[in-house]
Amino acid sequence: MTDKRRERGRISVKGVRLVEPALLHGEGGDAAAPDGYPFQVGYCESDGIFPGTTLPQYTLYLVADSEKERTEWITSIRKVCEEYSPKSFSYHLGLWLGRKWSCCRSLNRRALGCQVATLWPEYNNNPSK
């Protein structure tokens, strides 16, 4: 019998669909969320599950200690993931609260994001230079 449990604590760079700021506090946010500068990594477990899709299956929320650190994390993660998988064109700034999004109040968890996602620069356009 094989063990079908998922490994926790790892995200394949090939599955990353977006890396954007997040809003965890405020109206409709999570009062228990840690203080700091949150950002989100939207990802799919495997590009083979939904080949070509730009809509993430899961979202991981992280919190940096400063705005500068958040920006550095977002930039670094995007750089590592740039060459893999299609990227999302929109995202939700807020949290899914079980019945609606805290940012736009949409009642559909799979609704397209209410914010325009950042267009990722092509970091490695000409590696020979």
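This tour moves through the chain in a series of selections, from the whole fold to single residues.

**Before selecting anything**

The model is predicted, so local features are reported only at pLDDT of at least 70 and side-chain atom pairs only at pLDDT 80 or more, whereas totals for chains, interfaces and linings use all residues. Residues are numbered from 1 along each chain as its sequence is written, and side-chain values use heavy atoms, with hydrogens and water left out.

**Stop 1: the whole chain**

Display the chain as a cartoon. The secondary structure amounts to 1 helix and 5 strands; helices (H or I, at least four residues) and strands (E, at least two) are DSSP runs, numbered from the N terminus. Followed along the sequence, the pattern reads β-β-β-α-β-β.

Switch to a surface. Of the 129 residues, 29% count as buried. Buried means under 20% relative accessible area, exposed over 50%, and partly exposed in between (1.4 Å probe, protein chains only). Among contacts (heavy atoms within 4.5 Å) with a separation of 6 or more, 62% involve residues 24 or more positions apart.

**Stop 2**

Select strands S1 (16-21), S2 (residues 37-43) and S3 (residues 58-64). They form an open sheet of 3 strands in the order S1-S2-S3, with antiparallel pairing; two strands pair if DSSP finds at least two bridges between them. S1 and S3 are the edge strands, each pairing on one side only. On average, neighbouring strands of this sheet are turned by 20° against each other, direction ignored; the axes are lines fitted to C-alpha atoms, for helices over the stretch in contact, and angles run from 0 to 180 degrees between N-to-C directions.

S1 and S2 run antiparallel and are joined by 5 bridges; Pro21 stands opposite Phe39 in S2. S2 and S3 are also antiparallel, paired over 7 bridges, and the bridge partner of Tyr37 in S3 is Ala64.

**Stop 3: Glu20 in strand S1**

Colour S1 by accessibility: 5 of its 6 residues are buried. Then select Glu20, whose place is in S1. Is Glu20 buried or exposed? Glu20 is buried, with a relative accessible area of 2%. Leaving out residues up to four places away in sequence, Glu20 touches Phe39, Gln40, Ile74, Arg78, Tyr91, Ala117 and Thr118. Draw a distance from Glu20 to His92: these residues are 72 apart along the chain, and their C-alpha atoms are separated by 9.2 Å.

**Stop 4: the nonpolar core**

Select Val16, Val19, Phe39, Val41, Ala64, Ile74, Ile77, Cys81 and Trp120, the 9 residues of the largest nonpolar core. Such a core is a set of buried Ala, Val, Leu, Ile, Met, Phe, Trp, Tyr and Cys residues joined through side-chain atoms within 4.5 Å. Strand S1, S2 and helix H1 (67-81) each give two or more residues to this core, and the largest share, 3 residues, comes from H1. In soluble globular proteins, nonpolar side chains tend to be buried together.

Within this set, centre on Trp120. Apart from its neighbours within four places in sequence, Trp120 is in contact with Val16, Arg17, Leu18, Val19, Arg78, Cys81, Glu82 and Lys87.

**Stop 5: Lys79 on helix H1**

Select Lys79, which lies in H1. Lys79 counts as exposed, at 53% relative accessibility. The C-alpha atoms of Lys79 and Trp120 are 8.5 Å apart, although 41 residues separate the two along the chain.

**Stop 6: the aromatic pairs**

Finally, show the aromatic rings. Rings of Phe, Tyr and Trp (its six-membered ring) pair if their centres lie within 6.5 Å; planes under 30 degrees apart count as stacked, over 60 as edge-to-face and the rest as tilted. The count comes to 2 aromatic pairs.

Tyr43 and Tyr58 form a tilted pair, 5.6 Å centre to centre with 35° between the planes. The pair links S2, which holds Tyr43, to S3, which holds Tyr58, 15 residues apart. Tyr43 is buried at 16% relative accessible area, whereas Tyr58 is partly exposed at 32%.

Trp96 and Trp101 have ring centres 5.5 Å apart and planes at 65°, so this pair is edge-to-face. Trp96 is partly exposed at 21% relative accessibility, and Trp101 is buried at 9%.
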